[in-house]
Amino acid sequence: MTFFMAEDGLPPELDQHLLECPICLERFQEPKSLPCHHSFCQDCLGTYITKELSEKMASATSFPCPVCRRMTSPVNRAESMDKWAAQVPTSDVIQQHIKLQEHSSEPRYCKLCQIKGNLTNTAKS
């Protein structure tokens, strides 16, 4: 059995989920990716680091990923912890995907319907 979907590939629900910060559950704002490949909004990550390490403020030299708990060291440990999130590399892949989605105003059409001659039937999945 063959299934036909809109040309972009991923179902819209999955596509949206990949663009959400697991801390605030909103669309990424300044997405940062940790070495474990989990991504977060810069502000969310900064707030998390500060709260997570508040008891160890003076002695902390790394922080755990909010998802998998893998420890991550900041590039410059001498900077204050509230600046550690800014040191994490920006996720260019997520930023590009968000930009593409924002600029993609073209509707997706059902490929099966197009084969049958209905060229303007909007895809539902």
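**Contacts of a loop histidine**

Apart from residues up to four places away in sequence, His-38 touches Lys-32, Ser-33, Cys-65, Val-67 and Cys-68, where contact means heavy atoms within 4.5 Å. His-38 is placed in the loop between strand S1 (31–33) and strand S2 (39–41); helices (H or I, at least four residues) and strands (E, at least two) are DSSP runs, numbered from the N terminus. With a relative accessible area of 25%, His-38 is partly exposed, the class between buried (under 20%) and exposed (over 50%), for a 1.4 Å probe and protein chains only.

This is a predicted model, in which local features need pLDDT of at least 70 and side-chain atom pairs pLDDT 80 or more, whereas totals for chains, interfaces and linings use all residues. Residues are numbered from 1 along each chain as its sequence is written, and side-chain values use heavy atoms, without hydrogens and water.

Beyond its neighbours within four places in sequence, Leu-34 contacts residues including Phe-40, Leu-45 and Phe-63.

Arg-69 and Glu-52 form a salt bridge at 3.1 Å, N to O; the term requires a side-chain nitrogen of Lys or Arg within 4 Å of a carboxyl oxygen of Asp or Glu.
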